[in-house]
Amino acid sequence: MNKADSERMAGILQSMGYQQASAELEADLVLYNTCTIRDNAEQKVYSYLGRQARRKRSNPHLKLVVAGCVAQQEGEALLRRVPELDLVMGPQHANRLELLLTQVDSGKQVVATDDNKILEDVTIPRRDSKICAWVNVIYGCNERCTYCVVPSVRGKEQSRQPEAIHMEMQGLAALGFREITLLGQNIDAYGRDLPGITAEGRRQNTLTDLLHHVHDVEGIERIRFATSHPRYFTDRLIEACAGLPKLCEHFHIPFQSGDNNVLKAMARGYTVERYRRIIDRIRELMPDAAISSDVIVAFPGETDDQFRQTLKLIEQVGFDQVNTAAYSPRPNTPAATWPNQLPEAVKVERLQELNALVENTARQRNARYDGRVEEVLAEGINPKDPDQLMGRTRSNRLTFFAAKGPEGCSYSPGDLVDVRIDSVRSFSLSGTPLR
Ligand code: SF4
């Protein structure tokens with residue numbers, strides 16, 4: 001989500017005539033788009049800001065901006081801490097960057113952290129990839145997971161109109177993009193705030209409806225979506241994914257804990273049994289689907305037995321990838337105030353054990369690709385080997401292969417290439433192109 005916001009803000013700066021500087025310490029305008037999901041990400045921002053604040057003292061024309069979730073969380077307090085800042089702007093203000101910079105130009109120090117109706121976004125992002133693009137479909141989150149800072153920094157859910165999403169995807173297809181990842185903090189909530197009930201009394205404008213609606217965009221070969229919430233992940237959605245050919249067989253569904261009492265304390269609104277049923281249904285319809293997830297260990301009060309339940313779930317499901325984190329107390333969240341916080345040493349120990357298991361499981365899951373032929377969408381040159389292209393399988397495996405194929409043919413970014421996999425590592429594959 002932050003990366004997509006960064007691309008939008010970079011697009012605005014570009015349209016204002018800014019060019020990318022060769023180094024951070026040479027730029028005339030520095031914008032940090034920040035993350036506050038964990039404390040160490042937040043601390044990093046302060047160390048970057050220290051260096052820029054020193055520069056600003058000898059170069060008053062330098063413009064310093066902090067955007068994103070740390071900006072939203074800290075607001076004016078950030079100006080007191082770093083008085084050299086010109087602009088502090090929350091994520092809901094990303095598409096107002098030009099207007100806010102105009103206010104800075106008139107000599108003001110600006111804080112933009114009030115609730116903002118995002119409306120239809122007309123910014124043209126400067127995208128890092130020319131092949132794969134993010135498309136926001138819903139901003140904000142109405143859930144109240146007790147560890148999570150997102151609802152307090154990204155505000156209430158705001159869904160975009162299906163027609164606007166469709167049009168954006170058509171525009172991207174015309175520019176040569178081949179893969180779209182639809183984005184939402186809790187994407188299963190898409191459309192809850194849009195009107196519409198079907199003749200059968202069903203809510204219209206669900207994520208499933210949206211997938212059907214955008215599936216016909218010509219030129220777009222692959223569609224993904226993230227992030228899913230097990231509480232709202234429906235059978236109808238799974239069936240749509242199985243039935244719509246452009247939908248990739250990769251699901252990112254965070255489970256966060258393998259223990260029902262911990263899930264309850266997290267206010268996640270589902271049980272381990274419900275989570276397992278979702279995975280079973282996906283595998284029933286798409287046996288080879290890749291499943292990735294997010295998990296937090298050492299949540300306040302988590303016992304060793306409860307932690308072991310998490311390990312057990314990872315073994316039982318056999319995830320392709322899991323993003324792991326030790327619990328980090330965040331401001332304005334209920335769990336941060338609870339007295340049963342666990343010591344650092346327990347966090348480190350559990351995280352290490354978890355990571356070893358995750359890596360092992362990923363390696364085992366990856367082994368199934370050995371010798372198989374996979375369709376890879378070439379995204380670019382391998383930065384470590386200019387004779388190779390890199391891309392992803394439909395199941396989102398990073399794959400490297402020779403840029404030149406049999407009989408002298410060569411491939412370019414954007415090509416869909418059949419690759420025979422002949423080397424398998426924990427987090428990537430290599431292979432030989434076949435045609
Ligand atoms: S659904 Fe996701 S973004 Fe929303 S509160 Fe829960 S963890 Fe945070």
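Modeller: What follows is a walk through the salt bridges, pair by pair. The model is predicted. It holds 32 salt bridges.

Start with Asp209 and Arg236. Their closest N and O atoms are 2.9 Å apart. This pair links distant parts of the chain: Asp209 sits in helix H8 (residues 207-214), Arg236 in helix H9 (residues 235-243), 27 residues apart. Arg236, at 30%, counts as partly exposed.

Next comes Arg308 with Glu353. Their side chains meet in a salt bridge at 2.7 Å, N to O. Again the pair links distant parts of the chain. Arg308 is partly exposed, with a relative accessible area of 33%. Glu353 is partly exposed too, at 34%.

Stay in helix H13 for another pair. Glu359 and Arg363 both lie there, four residues apart, about one turn of the helix. Their side chains form a salt bridge at 3.8 Å, N to O. Glu359 has a relative accessible area of 35%, so it is partly exposed. Arg363 is partly exposed as well, at 41%.

Last, a network. Salt bridges link Asp288, Asp320, Arg365, Arg368, Arg372, Glu374 and Arg397.

Definitions and conventions
Residues numbered from 1 in each chain as written. Predicted model: local features only at pLDDT ≥ 70, side-chain atom pairs only at ≥ 80, totals over all residues. Heavy atoms only, no water. Salt bridge = Lys/Arg side-chain N within 4 Å of Asp/Glu carboxyl O. Helix = DSSP H or I, 4+ residues; strand = E, 2+ residues; numbered from the N terminus. Buried < 20%, exposed > 50% of the residue type's maximum accessible area, 1.4 Å probe, protein only.
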